[in-house]
Amino acid sequence: MGRPGLNRRQLLAGVGGLTVAGSFGFAALGTGADALASGADTRVRYWNLFSGGDGYNMIAMLDSFRAEHPDTEVKDSTLQWGSPFYTKLAMAAAGNRAPDLGVMHLGRVTGFSPGRLLDPWDTDLLAKYGVREADFNPELWKRGVIDGKLYALPLDIHVQLCFYRKDVLERAGLLDPDGRMVRVTSTDEWFDVLKEARKATAKGLQTIGLWHNDQNFQWWFFVAFYTQLGGTWFNDAQTEVTFDTGKATQVLEFLRRHITDGHADPGFGGGAGAEQFVNGAPFAWEGNWSVPVFDGAKLDYGATPLPPVFGRQATHAESHAFVLPHQADRGGAADEGAHRLAAHVVRNALAWAGGGHIPAHTPTLTTDAYRKLTPQSEYVSAMDHQATEPKVWFAGSTGILAQRVGPLVVSSTVGSAAPDAVARRMESTLTRLLATKNPMDGRTAAQGGALA
C-alpha cells in the first residue's frame, strides 16, 4: 500500500472483523470451537493489512462474497501495516496457528521461506473458480512463482504516479489536445516542463512534491528511474552484484536537481507535497492510493506513470497478493474456501480499482466500467512496464533493502551527500546484503533458490 504513518493508513478499529494493533498474540485467529454463523458450514480465517479507504473497499468485496456464498463464513482480521504484520504472520505459520488466507506484498514473498512458512496454491482449484495464469500479466504472475510453484496470487499492482493539475498546466500550455499532460521523453524536457509550470503556479507553492526526505518514496523513485536506464542488481545466480554506479549516479543527480533548480522546497517534508497539490501546486509524485484523496478534494487532475525521462517506460510497482500461510494439515473445506474467496476477490476487483490500484486480473481492465474510471484508465499502461525490486529475500515493501538503501538516496536528494559517493555506498550495501543470511531460513540469496 502506501507508507506507514499516513492518516488514511490508520487501522479501522472494529470494522469488518477484529482489528489487531500490533499485538503478537493469536486472539485474532479464534479457535476451532467458535460457533459458525447461521447457515454456514465452512469458516475461512483471513488476515489482511488493509485500513483506511482500502479497508472499506476490501470489506465491500468480502460482503459481496458472503452474499454469494452464505455457506462460507469469512472471519477477517485487519492487522497493523508493515513489519509488525509480517512478524505476526511468520509466528503464526511457524506455530501452526496460521489463518487460512493472508495478504502479502509480492516483493516480500521470496524472503518468507516459501514451502516452510507459505503453502503453494492449487492452480487447478483456482481454475475451478475462474482464475487462470492466462488472465494475468506474465511478469506479474512469474513474481509469485518460486521453484516452479505459485506461492502468491496477485490482487493488484500499486504504482508511483505523476499527478498533475490540469488547470495549472492549461495556463502553462502543457496539455495536449486530449487534455492530458504533454509527453516527456528526456530529463531536459522534464525540467523544461517544470520551468513552464512554475511560471503558472501561485506564489508560496512548490512546483512538485516528491517526498524528498522520505526513505520509502525516494527508494521507489530510484528503482523506477534506474530501471528506465536498464540498470541491474545481481546476476542470475544471485552470487554477484551487477549494480551500475554510473547509472545510479545519473538517477541520483536527476532526483537532486529538483531541489537545486528550485522546483521542490527542502523546507517541506512529509505529506506537504500532496497538501500543496490540493492547494494548487502543479505536480505531485505519489502512490496511486492518493486517487481517493484527490477525488475527495474535487480537483481537476490527471495521473500518468512516472515520466520516461531516460527513454524507457518504467514506473515503480508493488503488488498486494493472496498467500496461504503454512498449515500442517492444510486441505479440506477451509482450504477450498480460501481458494474460492481469493478467486472471487481477484475476479471482482473493480471496487478495488476505486482505491487507485490497478487490478491484476487483466479481463477487468478491458471492461467498459474500468475504462470509464479516471484517472485510473490513464495510467493502466503501468501494468506493462513495472519497475520492481530484485527478487531476493531482503527486498519488498518496507523490507531490509529499502531500510538500508532508502536513507542513502535521501541523503543525495537533499544534498547532504554527493550522488557519486552515495552510488558507491549503495553498491557496498548491496554486496553486504547479498552475503547476509535470511533469518527465516538461514540461507543467503544464492542459497535460497529464489528463481522463478
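Which residue lies over the face of F191, and at what distance from the ring centre? R257 does, at 4.0 Å from that centre. The model is predicted. A search of the whole structure finds 35 aromatic pairs, and a search for cavities of 30 Å³ or more finds five.

**Aromatic pairs**
- Among the 35 aromatic pairs is that of W233 and F243, whose ring centres are 5.8 Å apart and whose planes meet at 25 degrees; the pair counts as stacked because this angle is under 30 degrees.
- Both W233 and F243 lie in the loop between helix 7 (215-228) and helix 8 (245-260), so the pair ties together parts that are 10 residues apart in sequence.
- W233 has a relative accessible area of 8% and is therefore buried; F243, with 5%, is buried too.
- F277 and F294 form a tilted pair, with 4.8 Å from centre to centre and 50 degrees between the planes.
- This second pair links distant parts of the chain, since F277 belongs to helix 9 (residues 272-279) and F294 to helix 10 (residues 291-296), 17 residues apart.
- F277 is buried at 0% relative accessibility, and F294 is buried with a relative accessible area of 1%.

**Aromatic cluster**
- One aromatic cluster is formed by W190, F191, W211, F217, W220, F221, F225, F254, F283, W285, W289 and F310.
- F191, one of the cluster residues, is the ring whose face has R257 over it.

**Surroundings of Y86**
- R108 lies over the face of Y86, at 4.2 Å from the ring centre.
- The side chain of Y86 also makes a polar contact of 2.7 Å with the side chain of H105.
- H105 is found in strand 4 (residues 101-105).
- The relative accessible area of H105 is 1%, so this residue counts as buried, the cut-off being under 20%.

**Largest cavity**
- The largest of the five cavities has a volume of about 90 Å³.
- Its lining consists of L106, G107, T110, R143, H316, A317, E318, E389, P390, K391, A395 and G396.
- Strand 13 (residues 315-318) supplies the largest share of this lining, with three residues.
- By residue class, the lining divides into four nonpolar, four polar and four charged residues.

How values were computed:
Residues are numbered from 1 along each chain as its sequence is written. This is a predicted model: local features need pLDDT of at least 70, side-chain atom pairs count only at pLDDT 80 or more; totals for chains, interfaces and linings use all residues. Side-chain values use heavy atoms; hydrogens and water are left out. Helices (H or I, at least four residues) and strands (E, at least two) are DSSP runs, numbered from the N terminus. Buried means under 20% relative accessible area, exposed over 50%, partly exposed in between (1.4 Å probe, protein chains only). A polar contact is a pair of N or O atoms within 3.5 Å; within protein, one must be able to donate a hydrogen and the other to accept it, and residues adjacent in sequence count only if both atoms are side-chain atoms. On a 1 Å grid over the protein atoms alone, a cavity is a set of points where a 1.4 Å probe fits but cannot get out, and a pocket is an open set with protein on both sides within 12 Å along at least five of seven lines; lining residues have an atom within 4 Å of a point. Grid points are joined across faces, edges and corners, and a volume is the space filled by probe spheres set on the points. Ala, Val, Leu, Ile, Met, Phe, Trp, Tyr, Cys and Pro count as nonpolar, Asp, Glu, Lys and Arg as charged, and the others, Gly among them, as polar. Rings of Phe, Tyr and Trp (its six-membered ring) pair if their centres lie within 6.5 Å; planes under 30 degrees apart count as stacked, over 60 as edge-to-face and the rest as tilted. A charge sits over a ring if NZ of Lys or CZ of Arg is within 6 Å of the ring centre and within 35 degrees of the ring normal.
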